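This report concerns a structure whose sequence and coordinates are displayed below.

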Amino acid sequence: MYDKEKDLIGAFMRGQMGRRDLLKGIAAAGMTTAAAGTLYNMMATRALAADFDWKAHSGKSLKLLLNKHPYADAMIANLKAFKDLTGIEVTYDVFPEDVYFDKVTAALSSGSSEYDAFMTGAYMTWTYGPAGWITDLKEWINDPTKTNPNYNWGDFVEGVKNSCAWNGQPGGALGSEDAKQWCIPWAFEQNNITYNRAMFDKAGVQIPKNLDDMIAVAAKLQKDVPGIYGIGLRGSRSWATIHPGFLSGYANFNEKDLNVDADGKLSAAMNTAGSKAYHEKFVQLIQESGPKDWSTYTWYQVGTDLGAGASAMIYDADCLGYFMNGGDNKMAGELGYAAFVANPEATQSTPNIWIWSLAMSNFSKDKDATWYFLQWASGPEHALFGAVEMDFVDPVRNSIWKDEAFREKLNKKYPGYVEMFDASAAGASIKFTPQPLFFDVTTEWAATLQRMVAKQVPVDEGLDQLAESINRQLKEAGLG
Amino acid sequence: METTSTLEKTLRLLALTLVVIFFMFPIVWIFLMSFQTNETILRIPPQVIFEPTLSNYTALITGKLTSAAGTLDIAFMKNLGNSVFLSVTSVALALVLGVPAAYAFARHKFKGSEDIAFTLLSFRFAPPLLVLLPLTQYFQWLGLANTYIGLIWVYQLICLPLILWIVRGYFEDISADVEYAYRIAGHSWFATFRRIALPLAGPGIAAAGLLAFIFAWNNFVFALVLASADKQPVTVGALAFVTSSGIQYGQIAAAIVLSVTPTLALALYAQRYLVEGLSLGAVKG
């Protein structure tokens, strides 16, 4: 039974047949897509098992802590494949994002062994790693007896992989030789432009080419399209206001958050002439074309307004634009995507990124078995399943971005997304300086931005005050 | 004179109407939102006329939430059940422990009684986050982490001081002479407590129980830190509607309507009981 279909799938897995031919063959054999999917998973599992002793930890059990997110949903949908492959039982707790990191922090800081692995952002590992709450994964990645030969660590997007590795030295370069791999990137978000194509057509404007152009385009959209505002940007008093479009554009002008001197001492870098000029323009953009209650805006509001047709574009996470282009959003199918180069003298987009990653708890009772889960969940087979069958965007593996079926899916439903990714992936990385006061520095930065936008303080004066305050905090913490 | 009176009445009615509208508007709006899809809720400008749908309630009850990311499993009804179970059992336990303790503090002055009572009250002063991390470790050692028993125990930090201090005040307001008279008739102190003190303090106990229930119902952080996802109350579960693929406003509104219903029903019931209890009180001025 299904011998012919198995041959077809086997040929596809060996690279002897394209996806389109496979689908044609499956259809010709009278098999449903769902049945073919099951058969494919079964055969992929067998193929994986052929090269590596996946059953080494059979009978053990693991518990995961997950954020309520499409990435977690994609993993859960494919979890049976892992159980079949390894014989390891996996249970999980899923918590909403608003409280997720409180739960993670509470579990780790109390030394709880309840969870073996969990989802995290790379920024958070700058706290978890030095505190001894998570494990350096290099030991497992580099051990051929523990990592399957098809894992292909070199397949990860370079800037993303490096952004998850830090040597623990304040100001130390991410991805340096001595860096510890605190987490494995799972999927990531680049901060670029998502725009409403109909509104752009109505106002007769093109995708902004640089920051000055963005100011002009956003203003024209707001003027010419009734009942909307020009550009959705985050504005709450939080690190999350600095991290998306704001920092991506800032980095494009080669500006930094902190300086690191030869002795490894840190100092604020926000009050340089270049930084002040950038801030002036960004503040102008928010004042002229941002949402009215910008200072309360988180990604929820930025995304919701775009999906509801209340804003003409956003300079934020690409996957936020991806999700707003589907479901019951009013603007579903109306959105387009583009890489953004803020600096007219720059040749490439340099998006700051958020990386949903997987980390291993240092309190896990069985780290080897946990690594089996981590390598499967971040492996190429699951990445392909998630990207093609679910909403596992943006994948962190180059091979997935080359996959014909995935590119076709994006091109069909998300016009410009592939081009956006191709144009900016090489420049995508975390642009912040890793250091323990990350959340304090960025929250104060966001608060200063709020005061500038509210015209409570001139930009140059506000940035001087910010730099002074941050330098004081760095000195008090022994970092400056 | 009559003109002034009519004007005064009209103004008073107008003021009352404005106050009612002011306070009721968010509740009515949320109620209306619970019968709308995200698309109609986010319409600009907002519209009062819409085609009502039960899809939000259906999603909550069936546990299947349809969003931009596809169909997601949600555990709202489980969360609601957890809230009911945790709040009811915690308040019941706090009543069993707190009412006799309140009576003892009110009637029997002994050495250190005020200190003990104040210590119990001080549980309300401690910021929950300050005690939660050590508690997490203790709970793991004791095997109480991620158990309903552990949570009910921790919920006593909320319920017990409230009940103890409110009910103590009620017992102190009841004249001890009634109890003495009953004791002289040959009844034990426990019978006096059960047959005289408890019925007289009934309204106070009901009020304290209701207040403790509301505080327990609204608690967020204890279960979040100390328990797994399957034991989370509705306060944590309601956040699941804020998803990466958008905010499910309709479901949030339906969840609010469903989650306030038990508290509202209890408050309405207890209100009637309170009035009855007060009007039937044995000691009147």
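## Domains of chain B

The model is predicted. In chain B, the domain assignment places domain 1 at residues 2-58 and domain 2 at residues 76-279. Taken over C-alpha atoms, the centres of domain 1 of chain B and domain 2 of chain B are 33 Å apart.

Domain 1 of chain B contributes 10 residues to the contact, and domain 2 of chain B contributes eight residues. On the side of domain 1 of chain B that touches domain 2 of chain B, two or more residues come from each of α1 (2-33), α2 (38-41) and α3 (55-62) of chain B. The most, three residues, are given by α1(B). By class, the residues of this side of domain 1 of chain B are five nonpolar, five polar and no charged.

## The largest nonpolar core

The largest nonpolar core holds 203 residues, among which A:Ala117, A:Phe373, B:Cys159, B:Ile163, B:Val167, B:Ala212 and B:Leu226 touch the most other members. Helix α7 (residues 148-173) of chain B supplies the largest share of this core, with 13 residues.

Beyond its neighbours within four places in sequence, B:Cys159 contacts B:Ser90, B:Val91, B:Ala94, B:Ala212 and B:Ala216.

## Contact between chains A and B

Between the chains, 27 residues of chain B are in contact with 33 residues of chain A. The side of chain B that touches chain A receives at least two residues from each of α2, α6 (128-142), α11 (221-226), β3 (242-243) and β4 (246-247) of chain B. Here α6(B) gives the most, with five residues. The residues of this side of chain B comprise 15 nonpolar, 11 polar and one charged.

Methods. Residues numbered from 1 in each chain as written. Chains lettered and ligands numbered in written order. Predicted model: local features only at pLDDT ≥ 70, side-chain atom pairs only at ≥ 80, totals over all residues. Domains from an automatic or database assignment. Contact = placed C-beta atoms within 7 Å. Helix = DSSP H or I, 4+ residues; strand = E, 2+ residues; numbered from the N terminus. Nonpolar A, V, L, I, M, F, W, Y, C, P; charged D, E, K, R; others polar. Core = buried A, V, L, I, M, F, W, Y, C linked by C-beta atoms within 7 Å. Buried ≥ 20, exposed ≤ 12 C-beta atoms within 10 Å, placed from the backbone.
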